[in-house]
Amino acid sequence: MFHKTGDFLRKLFLKCKRFILFALVGGINTAVDYGVFTLISLLHAPAWLGQAAGYTAGTVCSFLLNRKITFRDGEGKILRQALVFVLVNLASLSVSSALMALLTNAFSLNRYIAKVFVTVLTMLMNYFGYKLLVFKIKEKREDKQDE
């Protein structure tokens with residue numbers, strides 16, 4: 001019984017490994033964003049400057065770490081990847097901003113609850129956008145048989 005459970009957990013981990021790495025990279029990006037924001041704030045700069053600097057640092061960190069760790073088997077030249085990465089993030093920002101406005105204004109949902117839903121949605125949008133559009137990952141199918 002233990003052997004079968006261990007095999008199942010190992011297969012599940014291997015199947016989810018890329019998404020787990022993506023989530024870990026996301027945590028690092030968030031820490032970089034917050035750290036830069038805090039540093040700029042300690043210098044008594046305007047909040048918008050800290051937000052812009054932190055967001056930019058987090059986004060650059062996200063691109064570099066996802067390229068080297070999460071999607072290291074991706075295809076394409078770095079400039080194309082960077083351009084598509086920016087476009088995916090702009091789309092995600094647009095959707096998240098519109099959805100936040102819709103959920104909080106039209107549906108009167110608490111902003112913090114709305115933020116959780118929006119964060120999950122944009123995380124999934126970014127994951128699949130990076131996987132399919134930015135780094136063009138082609139998963140190998142285990143069940144594919146030779147003809």
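Student: Hi! Which helix is serine 62 found in?
Tutor: Serine 62 sits in helix H2; helices here are DSSP runs of H or I with at least four residues, numbered from the N terminus. This is a predicted model, where local features need pLDDT of at least 70, side-chain atom pairs count only at pLDDT 80 or more, and totals for chains, interfaces and linings use all residues. Residues are numbered from 1 along each chain as its sequence is written, and side-chain values use heavy atoms, with hydrogens and water left out.

Student: Is serine 62 buried or exposed?
Tutor: Serine 62 is buried, at a relative accessible area of 7%. Buried means under 20% relative accessible area, exposed over 50%, and partly exposed in between, using a 1.4 Å probe and protein chains only.

Student: And what does serine 62 touch?
Tutor: Leaving out residues up to four places away in sequence, serine 62 touches Val25, Asn29, Phe85 and Tyr130. Contact means heavy atoms within 4.5 Å.

Student: What about tyrosine 130, what is that in contact with?
Tutor: Beyond neighbours within four places in sequence, the contacts of tyrosine 130 include Ser62, Phe22, Phe71, Phe85 and Val88.

Student: Switching topic: which residues of H2 and H3 meet?
Tutor: From H2, Thr59, Ser62, Phe63 and Arg67 meet Ile78, Gln81, Ala82 and Phe85 of H3.

Student: How do the axes of H2 and H3 cross?
Tutor: They come within 11 Å and cross at roughly 130°, with axes as lines fitted to C-alpha atoms over the stretch in contact and angles running from 0 to 180 degrees between N-to-C directions. H2 and H3 are therefore oblique to each other: under 35 degrees counts as roughly parallel, over 145 as roughly antiparallel, 65 to 115 as roughly perpendicular, and the rest as oblique.

Terms used. Helix = DSSP H or I, 4+ residues; strand = E, 2+ residues; numbered from the N terminus.
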